[in-house]
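The following report covers a protein model together with its DNA.

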2 protein chains.
Amino acid sequence: MLRLSGQTANPAARHTQTTLKFRKGEIIYAQGDPASDWYQVVSGTVRTCFLYRDGHRQLTGFYYGGDVFGIEAEKFRSSAEAVTPVTLTRRSKAIGFAIPAEQIPEASSILQSALNHAQSCISLLGRRTANERVAAFLLATAWRIGGRDSLNLPMTRADIADHLGLTIHTVSRTLSELARREIINLNGPQSITICNPQLLRLLADGEGRDSSHEQKDQIGALDCPTLAMAPATAFGR
Amino acid sequence: MLRLSGQTANPAARHTQTTLKFRKGEIIYAQGDPASDWYQVVSGTVRTCFLYRDGHRQLTGFYYGGDVFGIEAEKFRSSAEAVTPVTLTRRSKAIGFAIPAEQIPEASSILQSALNHAQSCISLLGRRTANERVAAFLLATAWRIGGRDSLNLPMTRADIADHLGLTIHTVSRTLSELARREIINLNGPQSITICNPQLLRLLADGEGRDSSHEQKDQIGALDCPTLAMAPATAFGR
DNA sequence: CGACAGGTTGAGTGAGCTCAAGTCGGGTGG
DNA sequence: CCACCCGACTTGAGCTCACTCAACCTGTCG
């Protein structure tokens with residue numbers, strides 16, 4: 001794995017904020033590094049993951065334009081890596097939050113956004129079947145990317161699998177099955193269209209357990225967005 | 001399910017802090033309630049959980065004396081319930097953090113503690129087998145309760161199961177199996193002694209996959225506490 | 001063109017779920 | 001006091017869904 005510190009794109013930037021670029025696959029920070037800075041995605045996609053002793057990964061989140069990541073106490077419990085080429089801004093934790101009085105609401109909302117991200121992750125892992133997890137992941141990603149039904153997944157099947165606690169085989173099979181049932185459309189491995197959001201929502205909520213044909217009990221499926229759907233709030237400019 | 005607002009034990013308390021008592025099983029706040037206050041456990045045990053549409057629970061954490069909970073953005077995504085009889089202090093979010101400048105470090109550490117709790121939960125759910133999850137849960141609980149090898153689990157098997165994403169049957173079977181292998185001792189359903197912490201640690205880290213006798217490769221098992229072990233930092237005193 | 005990474009799909013296995021008894025202890029009422 | 005109930009827990013038997021192992025496809029890059 002490559003390890004670069006990133007190139008400073010704006011050399012005139014003050015101590016308070018630095019713009020960085022990373023290539024696909026590069027490590028932004030590693031598990032165990034001192035967590036003195038935090039980051040905001042300008043463009044591209046970032047993943048955070050931690051490694052267990054036995055080597056397997058748990059991806060704790062994907063971060064898109066506007067998202068903040070790297071909010072941790074002392075040391076990073078997760079590493080962060082570029083899923084695609086990314087541009088980031090980096091700020092010092094001491095300066096960026098928790099000191100100047102006028103920035104407190106801002107600081108809170110940054111931390112809240114990190115909390116929301118973590119809760120979304122728990123909400124995915126708390127689902128019990130592969131169908132539920134994949135369906136919930138697709139809906140959450142579609143929502144996050146911009147609410148469109150057509151979405152471009154920047155990450156690989158392995159990333160999805162390690163995010164959902166499944167294998168790439170199961171992820172692939174589940175997606176194929178969803179396509180076969182015409183709930184989604186696979187235009188290519190990375191390009192997915194959601195054809196039947198209502199049914200996908202039912203699957204995510206575990207209501208597609210029995211028959212796959214009848215649309216039983218649509219009530220309750222259309223009300224407020226479920227837990228998993230609560231957007232991992234992007235911290236605004 | 002009973003629903004009480006709790007009795008104010010200290011009527012002289014200012015707006016800023018109220019002491020409350022709840023009986024076993026009582027709901028402290030419900031999923032969806034406006035999250036205007038946050039809480040700290042004085043004594044007893046609290047669980048937070050959210051419910052999926054299909055009715056199944058995901059417990060997101062257990063909170064013991066000193067722990068802070070109820071830190072959420074606008075509405076509670078989880079409910080909180082008393083596992084045992086509990087005494088709590090409740091503070092307003094607006095007053096308790098994010099406003100007076102001198103309280104900022106405090107505010108940060110409260111939010112950080114919530115983040116740590118969430119990450120510990122993810123770390124448990126990210127493990128793949130029942131053995132790993134139960135072993136990690138026991139170690140984390142023993143660590144949190146006070147580092148002793150003998151621990152009293154205040155929660156039921158159902159609570160543990162819903163925390164780890166397993167069934168009560170699997171939890172029960174796994175504990176029995178650990179007892180059979182003399183890694184732990186079951187003095188009663190709630191009272192557990194950890195006889196072989198090293199081996200339990202290996203199991204938690206997925207290294208007990210093959211043989212159950214050989215203590216292969218103890219190196220790496222004794223160094224820094226693993227992710228799951230990082231204490232869900234108690235805020236306060 | 002071959003090498004390789006990413007993805008799909010099939011066959012077989014096994015860990016954990018479901019269904020079903022059965023135990024144990026505490027509370028309650030006759 | 002005993003009978004009864006009920007909730008929490010344990011344990012067995014069988015099944016199923018997701019994992020493992022393996023083959024194969026596709027597109028990209030050197």
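H5(B) gives the most to the surface near DNA strand D, namely four residues. A residue is near a strand if one of its heavy atoms lies within 4 Å of it. Helices (H or I, at least four residues) and strands (E, at least two) are DSSP runs, numbered from the N terminus.

This is a predicted model, in which local features need pLDDT of at least 70, side-chain atom pairs count only at pLDDT 80 or more, and totals for chains, interfaces and linings use all residues. Residues are numbered from 1 along each chain as its sequence is written, chains are lettered from A and ligands numbered from 1 in the order in which they are written, and side-chain values use heavy atoms, with hydrogens and water left out.

**DNA strand D**

DNA strand D is surrounded by 16 residues, the closest being A:Ala130, A:Thr170, B:Arg157, B:Ser172 and B:Ser176. Of the atoms of DNA strand D that come within 4 Å of the protein, 66% belong to sugar and phosphate. By class, the surface near DNA strand D has three nonpolar, ten polar and three charged residues. Here Ala, Val, Leu, Ile, Met, Phe, Trp, Tyr, Cys and Pro count as nonpolar, Asp, Glu, Lys and Arg as charged, and the others, Gly among them, as polar.

**DNA strand C**

Around DNA strand C there are 16 residues, and the closest are A:Arg157, A:Ser172, A:Ser176, B:Ala130 and B:Thr170. Sugar or phosphate holds 64% of the atoms of DNA strand C within 4 Å of the protein, and the rest belong to bases. Helix H5 (168-180) of chain A and helix H5 (168-180) of chain B each supply at least two residues of the surface near DNA strand C. The largest share of that surface, four residues, comes from H5(A). Its classes are three nonpolar, ten polar and three charged residues.

A polar contact is a pair of N or O atoms within 3.5 Å. Several such pairs are listed below.

| Residue and atom | DNA atom | Distance |
|---|---|---|
| A:Arg157, side-chain N or O | phosphate oxygen, DNA strand C | 2.7 Å |
| A:Arg173, side-chain N or O | base nitrogen, DNA strand C | 2.8 Å |
| A:Gln190, side-chain N or O | phosphate oxygen, DNA strand C | 3.1 Å |
| A:Ala130, polar backbone atom | phosphate oxygen, DNA strand D | 2.7 Å |
| A:Thr170, side-chain N or O | phosphate oxygen, DNA strand D | 2.3 Å |
| B:Gln190, polar side-chain atom | phosphate oxygen, DNA strand D | 3.1 Å |

**Chain A**

The secondary structure of chain A comes to six helices and twelve strands. Of its 237 residues, 52% count as buried, that is, under 20% relative accessible area (1.4 Å probe, protein chains only).

Four strands of chain A form an open sheet in the order E3-E8-E5-E6, with antiparallel pairing; two strands pair if DSSP finds at least two bridges between them. Strand E3 (27-29) and strand E6 (57-63) are the edge strands, each pairing on one side only. Strand E5 (residues 46-51) and E6(A) pair over six bridges in the antiparallel sense. In this region A:Leu51 stands opposite A:Arg57 of E6(A).

Conventions
Polar contact = N/O pair within 3.5 Å; in protein donor to acceptor, adjacent residues only side chain to side chain. Buried < 20%, exposed > 50% of the residue type's maximum accessible area, 1.4 Å probe, protein only.
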